[in-house]
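Student: Could we go through this model together? I'd like to see which cut-off stands behind each label.

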Amino acid sequence: MSGPRVTALTKAMPQLLTLVLILFLNYLAFPGFFDIRLQDGRLFGSLIDVLNRGAPVIILAVGMTAVIASRGVDLSVGAVMAVSGAIAATMTVAGYPLPIVILATLGVGLLCGLWNGILVAYFDLQPIVATLILMVAGRGIAQLITEGSIVTFNEPGLIFFGTGSFAGVPMPILIALLLLIVAIAVVRRTALGLLIESIGINRSASNYAGLNSKLLLLVIYAFCGFCAALAGIIIAADIRGADANNAGLWLELDAILAVVVGGTSLFGGRFSILMSALGAVIIQAMNTGILLSGFPPEYNLILKALVIIVILLAQSFSSAGGWAFVKAEFGTKGRKSQ
Amino acid sequence: MTEHPSLLAVEGICKSFIGFKALDSVDFAVRPGEIHALLGENGAGKSTLIKVLTGVHQPDSGVIKIDGQPVSVRDTQHAQNLGIGTVYQEVNLLPDMSVADNLFIGRQPMRFGFVNRKLMEKSARELLTQYDLHLDVSSDLSRYSVAVQQLVAIARAVDMSGRVLILDEPTASLDRHETEILFAILRKLRSRGLGIVFITHFLDQVYEICDRVTVLRNGKLAGSALTTELPKIELVSLMLGRTLAVATHNTRRDRPAPEIRQFSFKGLGRSRSIAPFDLDIGEGEVVGMAGLLGSGRTETAKVLFGIDAADTGQIHIDGDPVLIRTPQDAVACGFGLCPEDRKSDGIIGDLSVRENICLALQAHRGWFNRLSTHEQTVLADKFVKAFDIRTTDIEKPVKFLSGGNQQKVILARWLATNPRLLILDEPTRGIDVGAHAEIIALIHQLCDDGMALLVISSEIDEIVAYSSRVVVLRDRAHRGEISGDDIVPANIMRMIAAEPERASA
């Protein structure tokens, strides 16, 4: 937290190097990759595109980071995106005003998260099982809302969230950036960051220390649901419709991947929201790069897997205590011989 | 001993783990047709001895003999073939499979390459009839109580091994009636000539069912005798490593009894955990809590602190009724608890010394009232200095500290909240001599400063040294209280060993 900045930067090295490497490869495959131009008051270019397309996963990763830091996982975020997209689309078509639509959609996301949180915190279900329920049921609910069809809309206000821009910056990027800033500020300016890490590392000991871990878990999962709804709105606004079957499909896995690539352990504990966002950008940069290079998209998944293996191996040595372990070992040996 | 050839015997068994001698030339022998109690406090070496007998660990030196013939037990499978069957405390059966499956898994009768269920269920019924158990052998084991599951595990072990049966705390989760049923079956097996090793913490049960008792302490053989020839008080002194003859030369400090006892617990209890008890503690006094492991000491602490909510009783603080259902309630009342199991309930291993020290205070202040990093550092520095916590710096993960220093960190965590009542559960267990003395000194000092303390300990001398009053527990109930000049080790031990009030059936 307030620890030396240098260590934070050293820890981020594997991810930063990976991102630079991927961006460089993208440049080799597509020399115009770094070109950015302003057109009709909006920024365009491949780099902007990476951030714009990556925004939903960045948003999901923010919520997912808190969940994973608490030693949980939320498999339902993709399905919650579908549900919230369906709600936003059908309500818009039904003629509700935009603010109501947005509030209702975010509220539904929050409720979905609360449901997960209740199962995990109060019924002690394993997070992977508890959220699997909504992962499966959520798509069904979304289909019920859209009555099985793709609900399209033409409400410019809602569409603005997907394709609009403010001061030249596309809305999805702006929303993701805003969420990042708020989330990081809240987590580090309040005690939440410390308390989340604490229950993630040792929930029993946290309870003994007088921490209300059940309530905290509930809030974490609710927040994750909220983030999923936000991402759901963006995706629906982008395609001007709600597709219950495909909206957010498999994105829960990308979100988990982003968090892990960002260096938060699936065993809970220390976390960094900013690093998760970096992880999401790395994933999107790969996706975009493969598309631009003209490789068949089939390679996408395999390349992704390769890059992830490299990052995780680098991390397991550096951040998960490789050097610290070596130091501790030599340190104790030195002391013992005295 | 030639007239009683041993069924299973070990002689001079030694077993070390890295830098730590778990068993130091231990002798132990089970004769046919005897129930042999194996006793010892935590870390005495009981489980290591069992693991050596069942082939989980290989001894460093010493011999294991079966019927007088030296054998080397290669692994658990081999131990079973040699006739040694074990039932662990955590019943290791498959709850979602049928009773018959559980009895015969790995050795099911086969026909045409398939399990012959009909034959298997028939054999299962026959087997269980020997134990007067009439179960639906085709239904899931999980449908039956823990006690029945335990009996099924015993039936399986006896059927497979059939000579020596090792039971690791079989009665820990059984109620009185279930224990009776278990004992009836053990008596039956004894009459069939089995040698039974019975590990328990309940001394009454030792005298109820066991023929012989062996006590281990710190990895060494403390003594072995026929139960009829060993009075309970001597058994307790064997376990605790003290004899009554040894004069006590502790530095007892007498404190005036407080005029008012601010903390009053009336009839507090929780079923299957601790019988209802009364307890009053005043500021400026230390109440010691003595009793063997499993006597209900930790259970008392958990109920007081709201870890396990009490299901009966009232709590009054300064005369006002309060409700403690959760640790948050307890902290709000000014309580603190240093738990017995430091690693799983105390430290947050990956967090720094600073964060660990600040955790309880932060949790109490609330999520949005963060202690600034500066405040945290000042607080942590203060306690690191005051308690001489040995760490290179306060940002070091607490898991890298030694046991004694971790204990000090947890003490600091609670003292940072300025508690009025501090509960310490085995504060000196597993820490080195230096830190031990420092923690005792700290208990004295906190008490002088006007804090109320409740200290649980297995070290009788220690309790005698700092307690204003001593509560003695036995069999999950508070059995009595000693105060003033009566606080001497002999009295405490006599009370721990006292006969149970109710006549056993």
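Tutor: With that, Glu426(B) sits in the loop between β19 (421–425) and α15 (433–448) of chain B. Keep in mind that this is a predicted model, where local features need pLDDT of at least 70, side-chain atom pairs count only at pLDDT 80 or more, and totals for chains, interfaces and linings use all residues. Residues are numbered from 1 along each chain as its sequence is written, and chains are lettered from A and ligands numbered from 1 in the order in which they are written.

Student: Is Glu426(B) buried or exposed, and how do you know?

Tutor: Count C-beta atoms, placed from the backbone: 20 or more others within 10 Å of a residue's own means buried, 12 or fewer means exposed, and in between is partly exposed. Glu426(B) has 23 others within 10 Å, so it is buried. Its phi is near 50°, a positive value in a residue other than glycine.

Student: And why is Asp318(B) called exposed?

Tutor: Asp318(B) has 11 C-beta neighbours inside 10 Å, so it counts as exposed. Asp318(B) also has a positive phi, near 55°, without being glycine. You'll find it in the loop between β16 (312–317) and β17 (320–322) of chain B.

Student: What makes chain B as compact as a globular protein of its length?

Tutor: Chain B has 17 helices and 22 strands. Its radius of gyration (over C-alpha atoms) is 25 Å, close to the 23 Å that the globule rule gives for 505 residues, so chain B is as compact as a globular protein of that length. The rule itself is 2.2 Å times the number of residues to the power 0.38. Buried residues make up 45% of chain B.

Student: How do you know whether chain A agrees with that rule?

Tutor: For 338 residues a compact globule would come out near 20 Å, and chain A has 21 Å, so the two agree. Chain A holds 14 helices and six strands, and 51% of its residues count as buried.

Student: Why are α8(A) and α10(A) called roughly perpendicular?

Tutor: Two packed helices are described by the angle between their axes and the distance between the axes. Axes are lines fitted to C-alpha atoms, for helices over the stretch in contact, and angles run from 0 to 180 degrees between N-to-C directions. Under 35 degrees is roughly parallel, over 145 roughly antiparallel, 65 to 115 roughly perpendicular, and the rest oblique. α8(A) and α10 (residues 213–239) of chain A pack at about 110°, their axes 11 Å apart, so they are roughly perpendicular to each other. Leu195(A), Ile196(A) and Ile199(A) of α8(A) make the contact with Ser213(A), Leu216(A) and Ile220(A) of α10(A); contact means C-beta atoms within 7 Å.

Student: Then what makes α11(A) oblique to α12(A)?

Tutor: The axes of α11 (residues 251–261) and α12 (residues 273–293) of chain A come within 7 Å and cross at roughly 120°, so α11(A) is oblique to α12(A).

Student: Which element gives the largest share of the side of chain A that touches chain B?

Tutor: The contact takes 25 residues from chain A and 27 residues from chain B. On the chain A side, α8(A) gives the largest share, six residues.

Definitions and conventions: Two residues are in contact if their C-beta atoms, placed from the backbone, lie within 7 Å. Helices (H or I, at least four residues) and strands (E, at least two) are DSSP runs, numbered from the N terminus.
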